[in-house]
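These are my notes from one sitting with the structure. I put down what I looked up, in the order in which I looked.

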Amino acid sequence: MRHGKYPFIIGFLVVPVALYVVFVVGAYLQTFWLSLTDWSGLGPVPTRLSFDNFVNLWHDDLFWKSLRHNLVLLVLLPIVTIVIALIFAFLLNVGGGSKGGLTRGVWGSKFYRVVFFFPQLLALAIVAVIFGRVFAPDRSGMINGMLPESVPPSLFLADKRWALLCILAVLIWQAVGFYVVLFSAGMGSISQEVYEAAALDGATRITLFFRITVPLLWSTIQVAWVYLGIAAFDAFALVNIMSVDRGGPDGATSVLSMMIYRKTFGESQVGYASALGVVLFFLTLTFAALTLRVTRRDAVEL
Amino acid sequence: MTDIFGTPSELDRRTLLRRAAAAGLLATPAVGMLSACVGGGSSDTQKQSTGTKSADNPLGIDPKAGTEIIIFNGGLGTKYATDVDTPLYNKKWPDSKITYSATEQISTVVQPRINAGNPPDMINNSGSNLMDMGAIVKAGQAQDLTDLFAAPSLDIPGKTVAETLVPGAVEQGTYNGKPYAVNYSYTVYGLWYNAKLFAKNNWTPPTTWADFTALCDKIKAAGVTPFGYAGANASYYMVRAIMTSAAKIGTEQVLKDIDNLKAGAWQTDAVKKAAEAWAQIGAKYTQKAFLGLRHTDVQLQQNQNKVAFYPCGSWLENEQAKDTPPGFEYAVTPIPSVTTSDQLPATAVNAAAGEIYFAAAKGKNPRGGMEYLRTMLSKEAAVGFTKLTKSLTVVAGSAEGLPLSPGLTSAAAMLKKAGKDAFVGYLFDSWYKKMDDESRAAVNELMYQGGTAQKFCDRMQAAADAVAKDSSITKFTRS
């Protein structure tokens, strides 16, 4: 069988690799090249190459502000989402205690599992529009409408201090359902005997969670962390639709992807936007590499 | 077959994870894809159709060559093109086939075609997704329209096209001394209010700032928010109001200096005084929550008589036609004088041409595109446009004698009273998108976030200086 290995593999790979090279690698290389020009997005690309875009980037306040916002999202989005999703998944699968040697979820967990997944079924644009109404700054907003008359309406997205947190809340709301399902699937593959044995030794639910569930789920959590981190680097759709003055007020919700979009389609500075894209590319790469390294704690294989 | 992938341990969980992460990476920066059409738009031009110039054919089009047009499908609709302009064009040139299409996303549809060297001949560059006209001109993609404006008008005998237009119309499509765009619709800006509500309460539109604030006090006492604009996406309406005040204090020269990036242009007394006066309105007579609202929300609140004055252009009435209740009648008044020593009278208004139409320089038939523009600038086409869209056009006097809606009647009357004091206003918003963006944020800070006039001027001056210093931005000048 050995001699047929390579032609067989190559036969499978030719088409996907060709597509990948043209539409992904090619586009990346083009972005790197464009980031060295001052192309406006129209007409022929200037031939003069320089690092001006990167120098300007270094002095651009909005860039640092956007980067900071990306980092805030990068820290908070995975942590909060994973913690909430883990707790829910635990309650759905193990939280009900054990009966007849089988662990089960809290009462009605089958129903909740479906409900948790609902946000995932809504297009992000629709979620953004709906939450735009939820956070509306006057009494027509859902939250402000529920407050008693004596409390002055909160500005939410129009308040520099809270705007980014409002966006973060929506990101979390949308993501939790998916990770509950992912973690549930992971927990399903943890064998019942382990829980049983631990329960026999007198472990409480909290001990079960920290000593059994989390370690055995570690590799899944790691994947979740990387995916959520990547989502935090994006966040474009929500910011574009929900925020005041596209990334405002006054840049308070601006993120790198929003900046790239505005530079490309608003200000006709495709060269500059490409430089931002290059920065974003390296940031994402560094993040993924770091995450995999830092979390290199060998998962318990069963 | 299992050994195709080597031993199973080669693909352990860790490797799988790593690969999954690598695959996930690709989900993020679709940035590379944004520039998918790079490299096109080379400088050589394809073969273009031309004909012989004559008195009947002043632009020298090829009567048999087809012309492709693309229209922005927005607030003005597309009927004016399909039902008025195209039939009129074909009446004169029956053998020149018009290929028509419409889109709501101009830049996404047209920009790739420009870069591929295959643009439509006449393009309506408009809407929120419009292309940066300055960049198009710089890239040599817009046809020089000097011939068009010098050609005789289609149906106004004895006049060139330029002579049939309102003052400033050609100037607004001019980039560094040459005309490249036709700004077709004519918009008058001012403070819009409900004439019926005002009549009922005996409120008269103010002409001085003291009258304005006194009236605002009365309106506030009646439980109505005196003034408001939408900070979330329409703060540039407010930029225009402040700039109009600045021009009234110190003449239009103030705005010209700003457009020309003159040093210290934002720090002049006129700008500062205008910003101060408006900051006071922001602090006392509006609601901070409007910062988070969209233009549709605030306009609806005005229709419900919850907001008295709204700064806007004359498209407002048509835009709100669906939502305007029977007891509501739009009327408009000029922005009141700020000081008693204002150099322009209280009747002065900002009236500007808008809605860009241009002929592509590197299309198959740029001459045909220009001829289509000449057709649009005829009196017959202008009358049809005003009837269909309830908007005025730059063709002077073309709305006279037409039955107009109350709001447009009020706007036309305001324009007439202003006479020679109707001024074009500023152009930096279309020249320098960066300054436009900064002005939107700065005005929100001034009006809704407790900013000061000094801070507003400093911020805008810094933005203007940054643009002036940036060699990658094409500069424009006006006089």
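**Chain A**

I started with the secondary structure of chain A, which comes to 13 helices and two strands; helices (H or I, at least four residues) and strands (E, at least two) are DSSP runs, numbered from the N terminus. The model is a predicted one, in which local features need pLDDT of at least 70, side-chain atom pairs count only at pLDDT 80 or more, and totals for chains, interfaces and linings use all residues. Residues are numbered from 1 along each chain as its sequence is written, while chains are lettered from A and ligands numbered from 1 in the order in which they are written.

I took the extent of the C-alpha trace of chain A along its principal axes, and it is about 80 × 75 × 30 Å. Of its 302 residues, 41% count as buried. Buried stands for 20 or more other C-beta atoms within 10 Å of the residue's own, exposed for 12 or fewer, and partly exposed for anything in between, with C-beta atoms placed from the backbone. I also looked at contacts in chain A with a separation of 6 or more: residues 24 or more positions apart account for 68% of them. A contact here needs the C-beta atoms of two residues, placed from the backbone, to lie within 7 Å.

**Two helices of chain A**

I found a kink of about 45° at L13(A), shortly before the proline P16(A). The bend at a residue is the angle between axes fitted to the seven residues ending there and the seven starting there. α1(A) is hardly covered, with three buried residues among its 30. Those are A27(A), T31(A) and L34(A).

I did the same for helix α7 (residues 163–188) of chain A, where 26 residues should span 38 Å and the end C-alpha atoms are 38 Å apart, which agrees. The bend in α7(A) is about 30°, at V176(A).

**Chain B overall**

I counted 20 helices and 12 strands in chain B. Its C-alpha trace spans about 90 × 75 × 50 Å along the principal axes. In chain B, 51% of the 479 residues count as buried. Residues 24 or more positions apart make up 76% of the contacts in chain B with a separation of 6 or more.

**Domains of chain B**

I noted domain 1 (67–187 + 352–412) and domain 2 (188–350 + 426–469) of chain B, with bounds from an automatic or database domain assignment. Their centres, taken over C-alpha atoms, are separated by 29 Å. I found 17 residues of domain 1 in contact with 17 residues of domain 2. On the side of domain 1 that touches domain 2, α5 (133–138) and α17 (406–418) of chain B each supply at least two residues. The largest share of that side, five residues, comes from α17(B).

**Strand β8 of chain B**

Is β8(B) enclosed or open? I found seven of the seven residues of β8 (residues 307–313) buried, so the strand is largely enclosed by the rest of the structure. Strands pair if DSSP finds at least two bridges between them. Strand β6 (residues 182–194) of chain B runs antiparallel to β8(B), joined by four bridges, and Y189(B) stands opposite G313(B). Strand β7 (residues 225–227) of chain B runs parallel to β8(B), joined by two bridges; there T225(B) has V307(B) as its bridge partner.

**Helix α16 of chain B**

I looked up E380(B), which lies in helix α16 (residues 379–389) of chain B. With 17 C-beta neighbours inside 10 Å, E380(B) counts as partly exposed. Leaving aside neighbours within four places in sequence, E380(B) is in contact with L88(B) and D155(B). The buried residues of α16(B) include A381(B), G384(B) and F385(B). Their cover includes α3 (79–92), α15 (366–376) and β11 (392–393) of chain B. Just after α16(B), I noted a positive phi of about 55° at K390(B).

Technical notes. The expected span of a helix is 1.5 Å times one less than its number of residues.
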